[in-house]
Amino acid sequence: AALLLQGGEIASIPLILEALPTAKEFRDAVASLSPEQRCFAQAFRRLQLASTVFGICVLQVKPQLERLLNLGEGSLTKELKLTRDLL
């Protein structure tokens, strides 16, 4: 999934921030469990670890485009602002 924003648009995405125990803390916690409980806890941990990836990539297009077109720094920003003001 992806979310694209432009021109000062803002998105607010609530995140569930839960600290997962370290591998050693987890081993210590499940050491006293029965084999069935330990197997369940390990399977549940694998599921937690498999779904805890979140990434953000911010691409600054205008500065790169200005360099590519040999334009002055900030010239595209000024042009876009003028265009928005006219609309």
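How many salt bridges does the count come to? In this predicted model, the count comes to 1 salt bridge. Asp28 forms a salt bridge with Lys24. The closest N and O atoms of Asp28 and Lys24 are 3.0 Å apart. That distance falls within the 4 Å that a salt bridge requires. Both residues belong to helix 1, which covers residues 23-30. Asp28 and Lys24 are 4 residues apart, about one turn of the helix. Lys24 has 51% relative accessibility, so Lys24 counts as exposed. The cut-off for exposed is over 50%.

Glu66 is buried, yet has no salt bridge. For Glu66, the nearest side chain of opposite charge is Arg67, 7.1 Å away. Neighbours within four places in sequence were then left aside. On that basis, Glu66 is in contact with Leu71, Gly72, Glu73, Gly74, Ser75, Leu76 and Thr77.

Glu66 also takes part in the meeting of two helices. Helix 3 spans residues 61-68, and helix 4 spans residues 75-86. The axes of helix 3 and helix 4 come within 8 Å. These axes cross at roughly 115°. From helix 3, the residues involved are Lys62, Leu65 and Glu66. They meet Ser75, Leu76, Thr77 and Leu80 in helix 4. The residues of this contact divide into 3 nonpolar, 2 polar and 2 charged.

Conventions. Residues numbered from 1 in each chain as written. Predicted model: local features only at pLDDT ≥ 70, side-chain atom pairs only at ≥ 80, totals over all residues. Heavy atoms only, no water. Axes fitted to C-alpha atoms, helices over the stretch in contact; angles between N-to-C directions. Contact = heavy atoms within 4.5 Å. Nonpolar A, V, L, I, M, F, W, Y, C, P; charged D, E, K, R; others polar. Buried < 20%, exposed > 50% of the residue type's maximum accessible area, 1.4 Å probe, protein only. Lys, Arg positive; Asp, Glu negative; His and termini not counted.
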